[in-house]
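Here is a short briefing to read with the model open beside you.

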Amino acid sequence: QVQLVESGGGLVQPGGSLRLSCAASGNIFRFDTMGWYRQAPGKQRDLVATITRGGSTVYADSVKGRFTISRDNAKNTIDLHMNSLKPEDTGVYYCNVRRPTDSGKEYFYWGQGTQVTVSS
């Protein structure tokens, strides 16, 4: 089992910056991908950014050039540095672990979420 705890959300003005952090407890396996998803009110949960143990990253087009994801494998933590924030970045941000298995099935673990509100 994996438990994920996010921190760092809050209210920020447009153009501002925030850093989100996620700490994972339990076993993080070699091929686990960690990442961030967000869910705006009335919308589905969408990928923001992911990072593998080796440091390979994937970003949503809407955040490329503004957000940076990083991972500390020794501490089982990931951070999301968010710059030039826009009102459309508002939502609940969820930390995620995606775990592949030999059978092809994937397991997903989620944190409780942290609110990010971008507003003047």
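To how many aromatic pairs does the count come? It comes to two aromatic pairs. Please keep in mind that this is a predicted model.

**Aromatic pairs**

- A pair of aromatic rings is described by the distance of the centres and the angle of the planes.
- The rings of Y37 and W110 have centres 5.1 Å apart and planes at 75°, so this pair is edge-to-face.
- Y37 belongs to strand β4 (residues 33–39) and W110 to strand β10 (residues 106–110), so the pair links distant parts of the chain, 73 residues apart.
- Y37 counts as buried at 12% relative accessibility, whereas W110, at 34%, counts as partly exposed.
- W110 also forms an aromatic pair with Y94, again edge-to-face, with 6.4 Å from centre to centre and 90° between the planes.
- This second pair also links distant parts of the chain, with Y94 in strand β9 and W110 in strand β10, 16 residues apart.
- Y94 has a relative accessible area of 14%, which means that Y94 is buried, as the cut-off is under 20%.
- Taken together, Y37, Y94 and W110 form one aromatic cluster.

**Charges over rings**

- What sits over the ring of Y94? The charged end of R45 does, 3.6 Å from the ring centre.
- Y94 thus has two partners to look at: the ring of W110 in an edge-to-face pair and the charged end of R45 over its own ring.
- R99 lies over the face of F29, and the distance to the ring centre is 3.8 Å.

- Strand β1 (residues 2–7) has a covered face made up of V2, L4 and E6.
- The uncovered face of β1 holds Q3, V5 and S7.
- β1 pairs with strand β3 (residues 18–26) in the antiparallel sense, over six bridges.
- Which residue in β3 does S7 stand opposite? S7 stands opposite S21.

**Positive phi angles**

- N76, a residue other than glycine, has a positive phi, near 55°.
- N76 lies in the loop between β7 (67–72) and β8 (77–82).
- Is N76 buried or exposed? N76 is buried, because its relative accessible area of 16% is under 20%.
- S84 is likewise a residue other than glycine with a positive phi, here near 50°.
- The loop between β8 and β9 (91–100) is where S84 lies.
- With a relative accessible area of 41%, S84 is partly exposed.

**The largest pocket**

- Rolling a probe the size of a water molecule over the atoms shows where empty space is left.
- The largest pocket holds about 170 Å³ of space.
- Its lining consists of R38, Q39, A40, K43, Q44, D46, L47, A60, S62, E88, T90 and G91.
- The elements that give two or more residues to this lining are β4 and β5 (45–51).
- By class, the lining has three nonpolar, five polar and four charged residues.

Methods. Residues are numbered from 1 along each chain as its sequence is written. This is a predicted model: local features need pLDDT of at least 70, side-chain atom pairs count only at pLDDT 80 or more; totals for chains, interfaces and linings use all residues. Side-chain values use heavy atoms; hydrogens and water are left out. Helices (H or I, at least four residues) and strands (E, at least two) are DSSP runs, numbered from the N terminus. Buried means under 20% relative accessible area, exposed over 50%, partly exposed in between (1.4 Å probe, protein chains only). Rings of Phe, Tyr and Trp (its six-membered ring) pair if their centres lie within 6.5 Å; planes under 30 degrees apart count as stacked, over 60 as edge-to-face and the rest as tilted. A charge sits over a ring if NZ of Lys or CZ of Arg is within 6 Å of the ring centre and within 35 degrees of the ring normal. Two strands pair if DSSP finds at least two bridges between them. On a 1 Å grid over the protein atoms alone, a cavity is a set of points where a 1.4 Å probe fits but cannot get out, and a pocket is an open set with protein on both sides within 12 Å along at least five of seven lines; lining residues have an atom within 4 Å of a point. Grid points are joined across faces, edges and corners, and a volume is the space filled by probe spheres set on the points. Ala, Val, Leu, Ile, Met, Phe, Trp, Tyr, Cys and Pro count as nonpolar, Asp, Glu, Lys and Arg as charged, and the others, Gly among them, as polar.
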